[in-house]
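Please read it with the coordinates open.

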Amino acid sequence: MVFQSFLKNCLQLSCILRTPKAGFRSSSGGLIIQSVSNDVYQNLAVEDWIHDHMNLENRQVLFLWRNSPAVVIGRHQNPWQECNLRLLRQKNIKLARRRSGGGTVYHDLGNINLTFFTTRKKYERMENLKLVVKALKALRPQLDVHVTDRYDILLDRQYKISGTAAKLGRTTAYHHCTLLCNADKFVLSSVLKSPYKGLKSNATPSVPASVKNLFEEDPSLTCEMLLDAIAEEYATQHQTDHQITLINPADETVLPGINNKTKELQTWDWVYGKTPKFSVSTCFNIAYKDSVLDIKVDMDVKHGRIEGCNIDLPEQWLPPALCGELVKNLTGSKFCPNETTTLATTLLRVCPQDDDLHSRWNLLCENMIMLM
């Protein structure tokens with residue numbers, strides 16, 4: 001089965017199920033869909049597409065999805081404040097910014113993502129979380145799981161197994177949550193620990209919590225079992241068939257315009273450029289030959305770009321004109337290690353041919369890049 005859309009009254013897109021041999025089914029009631037992709041950008045794009053195009057007046061939708069390793073930050077968060085970007089790059093873990101609020105989460109194939117779509121009037125995330133808890137209890141009655149006032153699901157009254165975020169549009173809303181089945185907790189804790197010092201920001205901070213996998217409580221549980229149990233409970237509550245419809249988030253014939261949404265979510269301007277304004281004020285030490293140099297750096301960053309920069313270091317260590325050229329070129333550039341590396345390499349070519357000076361320049365630039 002596939003998920004198909006069509007224009008209705010030339011004004012809005014409605015969504016219906018199509019069964020190749022049985023023809024069209026009713027577009028009312030509950031609908032359960034699952035992505036065949038494990039790409040975080042494609043799956044977030046499906047959320048956007050459903051929110052923007054689907055008519056939810058007579059139906060509610062549950063979207064099930066899982067991602068390969070990725071860190072997903074909230075709409076109003078600062079990635080430098082929330083995670084270890086250097087480690088993400090080393091491990092080839094994707095970073096994505098979603099359109100909902102809330103905190104930062106780590107995704108891998110041991111984590112389940114659930115998105116509940118309704119009209120704004122019918123939006124009720126507590127009921128959605130109670131549905132998840134009821135499904136877990138039906139699957140394993142011995143599990144001690146409950147929903148908190150903060151809309152988290154706790155295991156054994158202390159371990160967080162699910163966090164919540166939401167987007168409320170003018171007429172449509174969605175609530176999405178995670179469910180930890182068998183995620184890599186070592187990687188989770190490592191990548192969600194920021195090494196960056198001296199950041200000041202009004203961005204929404206994440207609230208740290210102790211987490212636990214459901215697999216640790218009951219090794220017989222699998223993601224597939226949890227997905228099926230949640231789908232069954234959803235179908236029961238919404239009086240619809242317990243039928244999961246698979247969709248391909250790259251299929252333009254099913255989701256017109258979806259690939260443009262996916263591309264936008266991958267752009268630097270979205271992932272980093274949407275970061276609320278922040279400042280960096282820090283010091284670092286450079287050991288060179290028989291001396292240790294203290295260097296102070298102050299930067300203001302807006303839309304992910306360096307708006308103002310000051311580097312305080314002794315004149316005898318680096319000519320003021322050269323340091324000034326670095327500050328001048330950093331201003332307006334992306335707060336990004338790749339761009340700063342390119343900039344530093346370009347400026348080095350116009351430096352005097354002095355090996356000692358080049359060594360000092362490289363040490364300074366390497367430490368500047370470490371701030372990013």
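**Notes on the predicted model**

1. V301 touches K277, F278, I306, E307 and F335, with residues up to four places away in sequence left out; contact here means heavy atoms within 4.5 Å. V301 sits in strand β18 (residues 291-302). Its relative accessibility is 0%, so V301 counts as buried; the classes are buried under 20% relative accessible area, exposed over 50%, and partly exposed in between, with a 1.4 Å probe and protein chains only. The C-alpha atoms of V301 and V280 are 7.9 Å apart, while the two residues are 21 residues apart along the chain.

2. On provenance: this is a predicted model, in which local features need pLDDT of at least 70 and side-chain atom pairs count only at pLDDT 80 or more, while totals for chains, interfaces and linings use all residues. Residues are numbered from 1 along each chain as its sequence is written, and side-chain values use heavy atoms, with hydrogens and water left out.

3. The protein chain has 12 helices and 19 strands; these are DSSP runs, helices being H or I of at least four residues and strands E of at least two, numbered from the N terminus. Of its 372 residues, 51% are buried. The C-alpha trace spans about 80 × 50 × 30 Å along its principal axes. Among contacts between residues at least 6 apart in sequence, 71% join residues at least 24 apart.

4. Helix α1 (residues 40-53) has 14 residues and reaches 20 Å from its first C-alpha to its last, close to the expected 20 Å; the expected span is 1.5 Å times one less than the number of residues. In α1, 12 of the 14 residues are buried, so the helix is largely enclosed by the rest of the structure. At the start of α1, a side-chain oxygen of D39 comes to within 3.1 Å of the backbone nitrogen of Y41.

5. Which residues have the most contacts inside the largest nonpolar core? They are I311 and L364, in a core of 80 residues; such a core is a set of buried Ala, Val, Leu, Ile, Met, Phe, Trp, Tyr and Cys residues joined through side-chain atoms within 4.5 Å. Helix α1 gives the most to this core, with 7 residues. Apart from it lies another core of 32 residues, among them I112, M126, A135 and V145. In soluble globular proteins, nonpolar side chains tend to be buried together. Leaving aside neighbours within four places in sequence, I311 is in contact with residues including I295, V297, L326, L364 and M368.

6. T148 lies in the loop between β10 and β11. With a relative accessible area of 16%, T148 is buried. Outside four places in sequence, T148 touches M126 and L154.

7. The structure holds 17 salt bridges, each being a side-chain nitrogen of Lys or Arg within 4 Å of a carboxyl oxygen of Asp or Glu. One of them joins D218 and R140, with the closest N and O atoms 2.7 Å apart. This pair links distant parts of the chain, 78 residues apart: D218 is in the loop between α6 (214-217) and α7 (223-237), and R140 in the loop between α4 (125-139) and β10 (145-147). D218 is buried at 11% relative accessible area, and R140 is buried at 16%.

8. D144 and R157 form a salt bridge at 3.6 Å, N to O. D144 lies in the loop between α4 and β10 and R157 in the loop between β11 (153-155) and β12 (159-162), so the pair ties together parts that are 13 residues apart in sequence. D144 is partly exposed at 27%, and R157 is exposed at 55%.

9. K289 and D356 form a salt bridge, their closest N and O atoms being 3.1 Å apart. K289 is in the loop between β17 (278-288) and β18, and D356 is in helix α12 (residues 355-370), 67 residues away. K289 is exposed at 68% relative accessibility, whereas D356 is partly exposed at 24%. Elsewhere, salt bridges that share partners join D48, R99 and E264 into one network.

10. UniProt, in an unreviewed entry, places the feature "domain: BPL/LPL catalytic" at residues 56-242; positions are in the numbering used here, feature names are shortened, and annotations may be inferred rather than shown by experiment. The end C-alpha atoms of this span lie 19 Å apart, and the span is 28% helix and 29% strand.

Terms used. Polar contact = N/O pair within 3.5 Å; in protein donor to acceptor, adjacent residues only side chain to side chain.
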